[in-house]
Amino acid sequence: MSKVSDAFQTFKTRLEITQTEQDDASRRQKDVRATVQANFDVERDFLTGSYGRRTKTKPLKDIDIFVVLGKDEKWRRDKHPKGVLDDLEKCLVDAYGEDQVERDRRCVTVYFQKKNQTQHEDGKVLSLDVVPAFGMKDGYDIPDDTLGTWIKTDPEIHAEEATAKNKALAGGWVPLVKMLKSWNRSNGKSITPSYLIEVMALELVDGPFSNFPDEARRFFAAAQATVGDDWPDPAGLGPLVSDEMTAARCATARQKLREAEVAATRAFRAEQQGYEGEAVRIWKEIFGDFFPAS
């Protein structure tokens, strides 16, 4: 195996969730779920998002807890979505403290060890996102405070599509998505939300899967041309996944993707010419600190 292949295998391993992190995630999410269950009628709740789809990168932030509210909460569905987020925020503030809880457009986030976080906190869960939802005939309704309305989604369909894609590409798709998300985080999160990387990779990464360096380089090239497109919800229910990509963000993302593609081409040529150490050094420049040094 070449130095480049070895480096990508190490990179892949470094991005995998450790048993310590899984144990911490289990403990943290059970505590948060119990807190919500004590304050709301909960039909069921489950882990979803990139953690549930196994595409979560490190550090382990924003693990999604999807809380399906029960019949005693149905009255909330006829109100402005701000109301359920207000009440959810209050119950979590009461349990964890005002400094550890933040509102987002569709969820409430609980932070752990919020102060003095480093970029590479291993073995720890840094935050959990609690998403309130109502079960509907066609998926779920969740609040969107930015749009001021309830939107449709179905995280179970998202998970099914990710699983199918990974299987079709012989298990290479999930670790590649983690690598691409790690690149995005190391480059100022120019593509937002990070789930958009996943949605784009569902379409832009096709079989047969070759190897991580080649697939990453191809993604950088293909994403340059398409990052400004409208990227719909894979379940065909909710708003565009790309609805946060303003013209300015698209321009920045294109530039970052172009720089990554150029650098990846340099790395490819260096490896072809026998300069494997130089190739690894360039890949580390592309992907950041989690990528091993030569």
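## Salt bridges

The structure, a predicted model, holds 25 salt bridges. One of them pairs Arg-105 with Glu-244, whose closest N and O atoms lie 3.7 Å apart. This pair links distant parts of the chain, 139 residues apart. Arg-105 sits in the loop between strand E3 (101-103) and strand E4 (108-111), whereas Glu-244 belongs to the loop between helix H8 (212-226) and helix H9 (247-272). With a relative accessibility of 13%, Arg-105 counts as buried because the limit for that class is under 20%. Glu-244 has a relative accessible area of 26% and is therefore partly exposed.

A salt bridge also joins Glu-198 and Lys-181, with 2.9 Å between the closest N and O atoms. Glu-198 lies in helix H7 (residues 195-204) and Lys-181 in helix H6 (residues 173-186), so the bridge ties together parts 17 residues apart in sequence. Both Glu-198 and Lys-181 are buried.

Glu-278 and Arg-281 form a salt bridge in which the closest N and O atoms are 2.6 Å apart. Both residues lie in helix H10 (residues 276-287), three residues apart, which is about one turn of the helix. Glu-278 is partly exposed at 33% relative accessibility, and Arg-281 is likewise partly exposed, with a relative accessible area of 34%.

Through salt bridges that share partners, Arg-105, Arg-106, Asp-144, Asp-243, Glu-244 and Arg-249 are joined into one network.

## Domains

The domain assignment of the protein gives two entries: domain 1 (3-13 + 157-287) and domain 2 (18-153). Taken over C-alpha atoms, the centres of domain 1 and domain 2 are separated by 27 Å.

## Nonpolar cores

The largest nonpolar core comprises 47 residues. Those with the most contacts inside this core are Phe-8, Trp-183, Phe-220, Trp-283, Ile-286 and Phe-287. Helix H1 (3-15), H6, H7, H8, H9 and H10 each supply at least two residues of the core, and H9 gives the most, with eight residues.

Ile-286 illustrates the packing around one of these residues. Leaving aside neighbours within four places in sequence, Ile-286 is in contact with Trp-183, Asn-187, Phe-220, Ala-260, Ala-263 and Ala-264. A second, separate core has 22 residues, among them Val-42, Val-67, Val-110 and Phe-134.

Definitions and conventions. Residues numbered from 1 in each chain as written. Predicted model: local features only at pLDDT ≥ 70, side-chain atom pairs only at ≥ 80, totals over all residues. Heavy atoms only, no water. Salt bridge = Lys/Arg side-chain N within 4 Å of Asp/Glu carboxyl O. Helix = DSSP H or I, 4+ residues; strand = E, 2+ residues; numbered from the N terminus. Buried < 20%, exposed > 50% of the residue type's maximum accessible area, 1.4 Å probe, protein only. Domains from an automatic or database assignment. Core = buried A, V, L, I, M, F, W, Y, C linked by side-chain atoms within 4.5 Å. Contact = heavy atoms within 4.5 Å.
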